[in-house]
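Please take the sequence and the model below as the starting point for a guided reading.

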Amino acid sequence: MIREQLKRRITQAIRDAQAAGELPQFDLPPFTVEHPRQAQLGDYSASVAMQLARAARMPPAQIAQRIAGHLSLDGMATVDDAGAYLNFRLSPQYLSGEVDKILASGDSWGNIDIGAGKTVQVEHGSANPTGPLTVASGRNVVIGDTLANALSAAGFTVQREWYVNDAGNQIRHFGESVYARYAQSLGVDEPFPEDGYKGDYIVEIAKAIIAQAGDKYLKMPRDEARRALGKLGIDSIMDGVRASLARVGIHHDSFFSERSLYESGQFERVLPILRNKGLLVEYDDALWFSEDGSPIRKGETRGEKQEDDSQKPEVRSQKIENGGAGKEAVQVVVIRSPKVVAEPSERPTYFASDIAYVWNKLVDRRFDRAIYVWGEDHQGDVPRLMAVTRALGLDTDRIVLLIYRFITLMRNGQEVRMGKRSGNIITLDDVVDEVGADATRFVLLSRSIDTKIVFDLDLVKKQSDENPVYYVQYAHARICSILRKAAEEIGDKRLEISAGATNTISNLQSPISSYIFSHPSELALIRKLLELEEVVEQVATQLQPHHFATYAQSLATTFSAFYRDCRVLGEAPEVSAARMKLVQAARTTLARTLALMGMSAPERM
RNA sequence: GCCCCAAUGGCGCAGUGGAUAGCGCGUCUGGUUGCGGACCAGAAGGUCGGGAGUUCGAAUCUCUCUUGGGGCACCA
């Protein structure tokens, strides 16, 4: 990457200046190379001279000058020491050469190697398998999938996992619901459970099972039938989920069963680690995790006053002073209790699963990092997972808990309320049907994960200039149009522009390899293309996928400026050929960006 | 009460401790004998919520206050 190259050269220049006695000896602090805000100042800029002023006991401008004097840039860029800044401007020769590099890289253009083969798991989706995939989960999977794309491009070995919550109370309710619909469909007067799932899809599932297996579950003991039907229901739901995911281009490498943590004995193997450290505490017939091993005390609870509030333990907010470094709450969380009525052998509490699961990720499967993509409703669960990870003797830096904000769905200027249990859900399929997969992904990726998204169906459906999705894709279609036209004019049938064929421009016979771009809009476009690597790095390190969306728009804008200023066809042959190459590189870059976002790059619109 | 997140032109949002804070929409003024006008150019519009601190330098880091969102169950 350019930035890294410049950093190395600056570092070398400083050492050379030191060796020459022009700068005193000092330890070089970490410094950055960045883009100046004003483009006229240069392409890259380093303020390292200012950082060194104290250590070197020299005025920054003088330091900058001496560093500049020792810089060897090999024609890559020119440097000018603007006061205390070192400003670099990439040379037209260098920029022109980079176009060839992009074309040679083809579909792997943008790949970098900050991951160095480290393994990282991105767990995303993981919605309860009790109903179809909702738009709410849509943001989750799109964030996770795009991050996985970015991490993969950044050189990590990535595994995409969906955690199937196939244990616990909700699953029991679900099984009862399926059973009730099953029985009702067979004409049996079976009451629908109070906590049941009311959605029509349960009826569909029941009918499908009847079509397959008839009434055989009515002949079983009721509990057994409920469990069996629950499992069948989950399978059916998950099949639907997979189909919905596929529509937005998402595939998971693994669907990990929560239940398996108990069936495999994983949970029982991990628990002794906490017990041996004295971090398991009995209270009120239940088993608790207590971060510091302290017994659980009775205390006043928050929220509405109820008769037996005083009987409840203070669960979360025992405050302790932490060596002056701020306050931290000791995490106290229930692991197992007779009051949790779900089959305790299958899943004591959700937190119990978390314990075994993090161990499974980091120890059994040895991921260097495990990323959890969680909705903001799980934000309160972060500290306890961190606490138990620490208690297990694992490095908490290896887990990253990403919290994204929910979306609000708007239609006809009204917020669409979604109720989970009520069956009033808007599925991801519904939205994809209405606005398309590309627009859905783009909207869900367009903002920082910390920002709430208002998904206005009417607005997104409108294929207008208010809608950035089409602006970006239009730029790609327009590029393809130019290349199509070029192919016609030149009559070169080998100039294919279908996806993947990015290198065919070399089929044109022309002395283009020596061509040096000079028009400001040409050079600006090349600079913009070269940013892709930086954007990949940014997304992969900050774990913020919206940078792709921002970049895609900016790239489309830069291309439009080039398109306005520079004709491709009908210029002098060497100019046309060189610009076609540039346009091809722009297509490669735009298509890759869209691919990283999981979007299509249409050739016509 | 405690914890997390946010606050940046009219609206929606970017912004990596660096120089004159950007983009889209909206508003106003313009642009087509030319590769796709689903486009482009120009203009107006800002005490980066308030205050203090750290730093050569703060929208960015720390503290604090205000406002908004979310979370604080032997639910998942």
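Which side chain does a polar contact of 2.7 Å join to that of Glu522? The partner is Arg579, whose side chain is joined to that of Glu522 at 2.7 Å, a polar contact being a pair of N or O atoms within 3.5 Å, where within protein one must be able to donate a hydrogen and the other to accept it, and where residues adjacent in sequence count only if both atoms are side-chain atoms. This is a predicted model, in which local features need pLDDT of at least 70 and side-chain atom pairs count only at pLDDT 80 or more, whereas totals for chains, interfaces and linings use all residues. Residues are numbered from 1 along each chain as its sequence is written, chains are lettered from A and ligands numbered from 1 in the order in which they are written, and side-chain values use heavy atoms, with hydrogens and water left out.

Glu522 belongs to helix α17, residues 520-530; helices (H or I, at least four residues) and strands (E, at least two) are DSSP runs, numbered from the N terminus. With a relative accessible area of 1%, Glu522 is buried, a word that stands for under 20% relative accessible area with a 1.4 Å probe and protein chains only, while exposed means over 50% and partly exposed lies in between. Apart from neighbours within four places in sequence, Glu522 is in contact (heavy atoms within 4.5 Å) with Tyr515, Phe517, Phe562, Cys566, Arg579 and Leu582.

We turn next to the sheets. One open sheet of 3 strands runs in the order β8-β9-β12 with antiparallel pairing, where two strands pair if DSSP finds at least two bridges between them. Its edge strands, each pairing on one side only, are β8 (280-283) and β12 (332-336), and the twist averages 40° from one strand to the next. The antiparallel pairing of β8 with β9 extends over 4 bridges, and Glu282 has Leu287 in β9 as its bridge partner. Helix α10 (residues 266-276) lies across β8, β9 and β12 and runs at about 140° to β12; such angles, from 0 to 180 degrees, are taken between N-to-C directions of lines fitted to C-alpha atoms, for helices over the stretch in contact. Helix α11 (residues 350-364) also packs on this sheet, touching β9 and β12, and its direction makes about 90° with that of β12.

Another open sheet of 3 strands has the order β16-β15-β17, and here the pairing is mixed. The edge strands are β16 (414-415) and β17 (453-456), each of which pairs on one side only. Strand β15 (residues 407-411) is joined to β16 by 2 bridges and the two run antiparallel, with Gln414 in β16 as the bridge partner of Arg411.

What surrounds RNA strand B? Of the RNA atoms within 4 Å of the protein, 59% belong to sugar or phosphate and the rest to bases. A phosphate oxygen of RNA strand B is 3.1 Å from a side-chain N or O atom of Glu34, while a base nitrogen is 2.6 Å from a side-chain N or O atom of Ser45.

Methods. A residue is near a molecule or strand if one of its heavy atoms lies within 4 Å of it.
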